Amino acid sequence: MCNKPFIIGISGACGSGKTWFARKLQTELVGSVCIFTLDSYSKNEEFVNSLEYRYDNPQAIDYDKAYGDLLKLLQGIPIALPIYDYTTHSTISEMRIASPATIIIEGIYAFHDNRFLDLMNFKVWIEADEHARIKKRIERDVKERGETYEEALFRHFNDSEPAYKKFYIIDREKADCIYLNIGANQEPVLIKLLNKSIERWDI
């Protein structure tokens with residue numbers, strides 16, 4: 001039996017459905033599952049706002065701290081996973097995580113740092129067309145993050161989309177599987193395949 005967690009990486013453009021897919025996995029995979037969201041390791045707001053494309057710039061993430069916490073989990077050491085609030089752009093609480101069977105590393109930056117890539121057993125790129133991503137982005141940011149329609153649209157065209165084309169689209173080539181997200185009501189066959197992989201990993 002393997003004592004190390006099975007690690008799944010999930011990446012894709014903003015609004016592609018990464019969080020939906022990660023939560024779907026968390027519900028349906030065998031064993032305990034930790035969603036390790038890299039957004040939770042965003043640097044302080046003043047620094048991030050000084051960056052080109054702000055929170056969509058990979059420099060916005062404290063990869064060293066995130067990697068340190070990930071290594072602790074792999075060594076069986078519990079961590080306090082930051083809980084990030086997107087309205088205040090700050091850590092508002094922590095969640096104690098210990099000994100998960102599966103770790104899901106999720107975020108637009110999940111494939112950006114080779115240290116994380118080297119630890120992933122399977123990498124999934126979530127694909128969705130831009131029209132669907134814009135719609136989802138606006139619905140989410142207005143409902144959950146207190147933005148206006150105009151603010152959400154501005155962020156998409158001035159931060160997220162240009163950053164995606166500059167920094168992240170190349171990460172698509174690093175994925176083991178490209179999953180076409182055509183709607184949140186689907187039941188991804190990929191989840192069943194991942195369950196099989198995790199079961200074999202535990203043997």
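Accessible area, as I use the term here, comes from the Shrake-Rupley method with a 1.4 Å probe. On that basis the protein chain exposes about 10400 Å², and carbon and sulfur atoms supply 52% of that area. What you have on the screen is a predicted model, so please take each number as computed from a prediction.

Let me start with the overall build. The protein chain has 7 helices and 7 strands. Read from the N terminus, the order of elements is β-α-β-α-α-β-β-β-α-β-α-α-β-α. The radius of gyration is 17 Å, close to the 17 Å that the globule rule gives for 203 residues, so the chain is as compact as a globular protein of that length. The C-alpha trace spans about 50 × 35 × 30 Å along its principal axes. Of the 203 residues, 50% are buried. If we take contacts between residues at least 6 apart in sequence, 73% of them join residues at least 24 apart.

The largest nonpolar core has 31 residues. Phe36, Leu38, Ile105, Phe116 and Met120 are the ones with the most contacts inside it. At least two residues of this core come from each of β2, α3 (63-74), β3 (79-85), β5 (102-106), α4 (114-117) and α6 (149-168). Which of these gives the most? That is α3, with 5 residues. There is also a second, separate core of 19 residues, and Trp20, Phe21, Ile104 and Val124 are among its members.

Beyond the residues up to four places away in sequence, leucine 38 touches Ile61, Ala66, Ile105, Glu106, Tyr109, Ala110 and Phe116.

Now serine 40. Serine 40 sits in the loop between β2 (33-37) and α2 (45-49). Is serine 40 buried or exposed? Its relative accessible area is 10%, and the cut-off for buried is under 20%, so serine 40 counts as buried. A polar atom of the serine 40 side chain lies 3.1 Å from the backbone oxygen of proline 82. With neighbours within four places in sequence set aside, the contacts of serine 40 are Pro82, Tyr84 and Thr91.

Last topic, the charged pairs. How many salt bridges are there? The count comes to 16. I will go through three of them.

Arginine 145 and aspartate 141 meet through their side chains at 3.9 Å, N to O. Both arginine 145 and aspartate 141 are buried.

Glutamate 147 pairs with arginine 155 in a salt bridge, at 3.8 Å from N to O. Glutamate 147 has a relative accessible area of 19%, which is under the 20% cut-off, so glutamate 147 is buried. Arginine 155 is at 15% and therefore counts as buried too. This pair belongs to a network of salt bridges that links Arg54, Asp56, Glu147, Arg155 and Asp159.

Aspartate 171 is buried, with a relative accessible area of 1%. Lysine 174 is at 30%, between the 20% and 50% cut-offs, so lysine 174 counts as partly exposed.

To recap for anyone browsing the structure: serine 40 is in the loop between β2 and α2, leucine 38 is in the largest nonpolar core, and glutamate 147 and arginine 155 are in the salt-bridge network. That is what I have for today.

How values were computed
Residues are numbered from 1 along each chain as its sequence is written. This is a predicted model: local features need pLDDT of at least 70, side-chain atom pairs count only at pLDDT 80 or more; totals for chains, interfaces and linings use all residues. Side-chain values use heavy atoms; hydrogens and water are left out. Helices (H or I, at least four residues) and strands (E, at least two) are DSSP runs, numbered from the N terminus. Buried means under 20% relative accessible area, exposed over 50%, partly exposed in between (1.4 Å probe, protein chains only). A polar contact is a pair of N or O atoms within 3.5 Å; within protein, one must be able to donate a hydrogen and the other to accept it, and residues adjacent in sequence count only if both atoms are side-chain atoms. Contact means heavy atoms within 4.5 Å. A salt bridge is a side-chain nitrogen of Lys or Arg within 4 Å of a carboxyl oxygen of Asp or Glu. The radius of gyration is taken over C-alpha atoms; the globule rule is 2.2 Å times the number of residues to the power 0.38. A nonpolar core is a set of buried Ala, Val, Leu, Ile, Met, Phe, Trp, Tyr and Cys residues joined through side-chain atoms within 4.5 Å.
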